[in-house]
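Hi everyone, thanks for coming along. I'd like to walk you through one structure today, stopping at a handful of places. Have a look at it first, and then we'll start.

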Amino acid sequence: SNVLGTLKEKEETARAMEKAARAGNDPDLYFHAAWLWLEADRSGKALALLKPLADRKKVKTDWLLLLCNTYINLGRTLDAAGSMDRAIKQDPSPENLYTGGVLWLQAEKPDRAQKHLLRLVAMPSPKSDWFVALAHAWAMSADMDQAALAMEQAFGLSNLPDHAYQAGLMRLQLKEADKALTLLLFLETQPGPRADWLVALSNAWVMKERFERAALVMDRAARISKKDSHYFRAARLWLQAEKPGKALPLLTLLVGRPEPKAEWLITLSNTHLLLEDIPNAAKAMERAAGISKKGKHWYRAAMLWHQAGNGPETTAKTIGLLRLSVEKDPVEQRWLIDLAERLVQTRQRTESLTVMNRTRLAQSREPAALCYRGALIWMKLQQPQKALSILKFICNQPGPDYSWLAALVRLYMELAQPDQAEKVLSRLLNAFPEKAKTWKLAAWTALEQADYARAAAAM
């Protein structure tokens, strides 16, 4: 009520002053009326009086400064900066130059800001704030070298931690770790350092590949900020420093949160693996997969459980997780092969056939070794034709393995195609004449065809 009453009084005073100005056509009275309208929070009324004043042949600096303030109140930054430029021409005082520079920065015109600010910092006894504004102007112009230099000059004058921090960040952007460290190490020694200062210092140590120092500082930042992202970053740095034991408590803290992230659990799993604790690595990865629902995470969990032991319970868990890995696309061929292999091993033939029918190995870009495993599964499932297409494909690749060619020879014999078997056998003998088992296979092939003389020669 009091505030509204005061504003009303100011409006009445402004209105009376404007009336007097119009009566006498006095520019000074117009100026005072405009000032009173601004005081009454009526910027539009003030602007209506100030614009004609600014258009006169002889314009006072105070009129332009008040016009600038009016434009600022109205959110017209470009107009405010233009008015300040006119004021600077008449009165290039440090205050006006600084305000003009800042206004052009706010208008996102750094080149125009630099003209005022460079002139300003060249004056005797420059202030740190002037260099800070100039640094921002250079940064907006993407000239980080000049920006960093200006911010360092600001810090040299003020010795303020925030100026050291800003200069340090700029040196980090320039990948100048040593210069950044000079600034950021100052921050580490300040009482009650801020977490973001320490994060920047940690990043500088990372650039120097001093991962243990980086981890120590990030660990300290995390304990100040209590931010999950800082705890996680510290843990990963401890891993880079080859100190998984120090990463473990940080990750254990994170995964104890009500809603842990999958990436935290994946990193915890990798940490347990580095500490040779495979069961806990498998548990963590399984939890991660339960959150992400990604096939690759289910698969990774399955393989870790497989590494953890060979008992029936572990095998069952591995199969269960592999089933989850192939439920939704995208599915990798090796996931299907690993599942099918274990289903065959546990005599679950029907499901294994279903899984193998989803594979696409012949004429694929999959590794030949994986294709060979698929061929062996087809043979165990008594599907020789499907095995044949895969074996022919991989054996036609340059430098086939002995086992691939030998399997193709046996398969051709099983399919009663001895001529084809002989052709592959000839390749096998030329490629691996030093292997005794090659000649044993030749002898077996001859015996299967009742060619006892050739069998004896092979032996």
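**A short tour, stop by stop**

Let's begin with glutamate 12, which has a relative accessible area of 46% and is therefore partly exposed, since that class runs between 20% and 50%. Before I go on, please keep in mind that this is a predicted model. Glutamate 12 belongs to helix 1, which covers residues 2-24. How far apart in space are glutamate 12 and tryptophan 37? Their C-alpha atoms are 9.4 Å apart, while in sequence the two residues are 25 residues apart.

Next, the pocket. The largest pocket holds about 190 Å³ of space. Its lining is made of 14 residues, and the ones nearest the centre are Lys293, Lys294, Gly295, Trp298 and Lys328. Which helix gives the most to this lining? That is helix 18, with three residues. Helix 18 spans 295-308, and helix 19, at 312-325, also supplies at least two residues of the lining.

Is threonine 314 buried or exposed? Its relative accessible area is 18%, and buried means under 20%, so threonine 314 counts as buried. Setting aside neighbours within four places in sequence, threonine 314 is in contact with Trp305, His306 and Gly309.

Now for some rings. Searching the whole structure turns up three aromatic pairs. One of them is formed by tyrosine 402 and phenylalanine 432, an edge-to-face pair with 5.7 Å from centre to centre and 90° between the planes. Tyrosine 402 sits in helix 24 (residues 402-414), and phenylalanine 432 is in the loop between helix 25 (418-431) and helix 26 (436-448), so this pair ties together parts that are 30 residues apart in sequence. Both tyrosine 402 and phenylalanine 432 are buried.

Last, some backbone details. As a rule, most residues other than glycine have a negative phi, and most peptide bonds are trans. With that in mind, where is the cis peptide bond? It joins aspartate 329 and proline 330, and omega there is about 0°. Proline 330 lies in the loop between helix 19 and helix 20, the latter covering 333-345.

Then there is serine 125, which is not a glycine but has a positive phi, near 55°. Look for serine 125 in the loop between helix 7 (110-121) and helix 8 (128-140).

With a relative accessible area of 48%, asparagine 159 is partly exposed.

That's the end of the tour. Do go back to the picture and find each stop for yourself!

Conventions
Residues numbered from 1 in each chain as written. Predicted model: local features only at pLDDT ≥ 70, side-chain atom pairs only at ≥ 80, totals over all residues. Heavy atoms only, no water. 1 Å grid on protein atoms, 1.4 Å probe; cavity = no way out; pocket = protein on both sides within 12 Å on 5 of 7 lines; lining within 4 Å. Points joined across faces, edges and corners; volume = space filled by probe spheres on them. Helix = DSSP H or I, 4+ residues; strand = E, 2+ residues; numbered from the N terminus. Phe/Tyr/Trp six-rings, centres within 6.5 Å; stacked < 30°, edge-to-face > 60°. Buried < 20%, exposed > 50% of the residue type's maximum accessible area, 1.4 Å probe, protein only. Contact = heavy atoms within 4.5 Å.
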